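Have a look at it first, and then we'll go through it piece by piece.

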Amino acid sequence: MTPEYTAHPTAVIDEGCVIGKGTRIWHFSHIMGNCRIGENCNLGQNVVVSSEVILGNNVKVQNNVSIYTGVVCEDDVFLGPSMVFTNVINPRSHINRRSQFLRTHVKRGASIGANATIVCGNDIGEFAFIGAGSVVTKTIPAYALVVGNPARQIGWMSEYGHRLNFDANGISVCPESGERYELRDNEVVKLTSQP
């Protein structure tokens, strides 16, 4: 039976993984058993997906990313080149801590920039935007824009990836989509209807 996904001949795909229709896996990548990859994902060169990882639909994983056990990425997540996940908070070579893996949940539509590091156990909210090179050491709220080491929030982003500037009434409009957002009690809410 021909798989419904595409994999470069140099990719290693272990038995027991589930890979969705339309997904593309590029050069020198390793997909380990017992992971689940959704439909229409794109995994660049030299990507590792460890066992028990879950990737939703339309996840884009750029080159040189390792996604370790304990990571879940929902639909439409973007993982930039050479970004890093961890899964042990206090690793030591001589101590086996496989039973202590912490989970990291990256929610729908979030983007993680190139060379960013996500310290395990810290979830990333929907449509959050993690700037390149940032080191995330705490949970990031939905729509937040964070940069630096350690990552600090400097603003908010729309679902289309534009910085949101709120008026005196706490309303902002995405310049690309025209979608409206409201800032309420230091949380961003996307408005579904026009005023």
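Let's start with a pair of facing residues: Tyr181 has Lys190 in S24 as its bridge partner. Keep in mind as we go that this is a predicted model. The two strands here, S23 and S24, run antiparallel and are joined by 4 bridges. Their hairpin leaves 2 residues between the strands, and Asp185 in it takes a positive phi near 50°.

Asn186 sits in the loop between strand S23 (180-184) and strand S24 (187-190). Its phi is also positive, near 60°, and it isn't a glycine. As a general point, most residues other than glycine have a negative phi. Is Asn186 buried or exposed? With a relative accessibility of 58%, Asn186 counts as exposed, because the cut-off for that is over 50%.

## S22 joins in

On to S22, which pairs with S23 in the antiparallel sense over 3 bridges. Across from Ile171 you'll find Glu182 in S23. The hairpin of S22 and S23 has 6 residues between the strands, and Gly178 there has a positive phi near 80°.

Glu182 turns up again in a charged pair: its side chain meets that of Arg184 in a salt bridge, at 2.9 Å from N to O. Glu182 is partly exposed, with 21% relative accessible area. Arg184 counts as partly exposed too, at 39% relative accessibility.

## Salt bridges

How many salt bridges does the structure hold? There are 4 of them. The general idea is a simple one: side chains of opposite charge can pair when their charged atoms come close.

Glu159 is partly exposed at 23% relative accessibility, and Lys190 is partly exposed with a relative accessible area of 29%.

Elsewhere, Arg108 forms a salt bridge with Glu126, with the closest N and O atoms 3.7 Å apart. Arg108 lies in the loop between strand S15 (104-106) and strand S16 (111-112), and Glu126 is in the loop between S17 and S18, so the pair ties together parts that are 18 residues apart in sequence. Arg108 is partly exposed, at 33% relative accessibility. Glu126 comes out as partly exposed as well, with a relative accessible area of 29%.

## The S17–S18 loop

The loop that holds Glu126 has other things worth a look. Asn122 is in that loop, between strand S17 (117-118) and strand S18 (129-130). Asn122 has a relative accessible area of 10%, so it counts as buried, the cut-off being under 20%.

What does Asn122 touch, leaving aside its neighbours within four places in sequence? It is in contact with Arg103, Thr104, Val136, Thr137, Lys138 and Thr139. For one of these, Thr104, the C-alpha atom is 5.7 Å from that of Asn122, although the two residues are 18 apart along the chain. Within the chain's local stretch, a polar atom of the Asn122 side chain lies 2.9 Å from the backbone oxygen of Val119.

Phe127 belongs to the loop between S17 and S18 too. Phe127 has a positive phi of about 60° without being a glycine. At 10% relative accessibility, Phe127 counts as buried.

## A cis peptide bond

Which residues does the cis peptide bond with omega of about -5° join? They are Asn149 and Pro150. Pro150 is in the loop between strand S20 (144-147) and strand S21 (152-156). For context, most peptide bonds are trans.

Key
Residues numbered from 1 in each chain as written. Predicted model: local features only at pLDDT ≥ 70, side-chain atom pairs only at ≥ 80, totals over all residues. Heavy atoms only, no water. Buried < 20%, exposed > 50% of the residue type's maximum accessible area, 1.4 Å probe, protein only. Contact = heavy atoms within 4.5 Å. Polar contact = N/O pair within 3.5 Å; in protein donor to acceptor, adjacent residues only side chain to side chain. Pairing = 2+ DSSP bridges.
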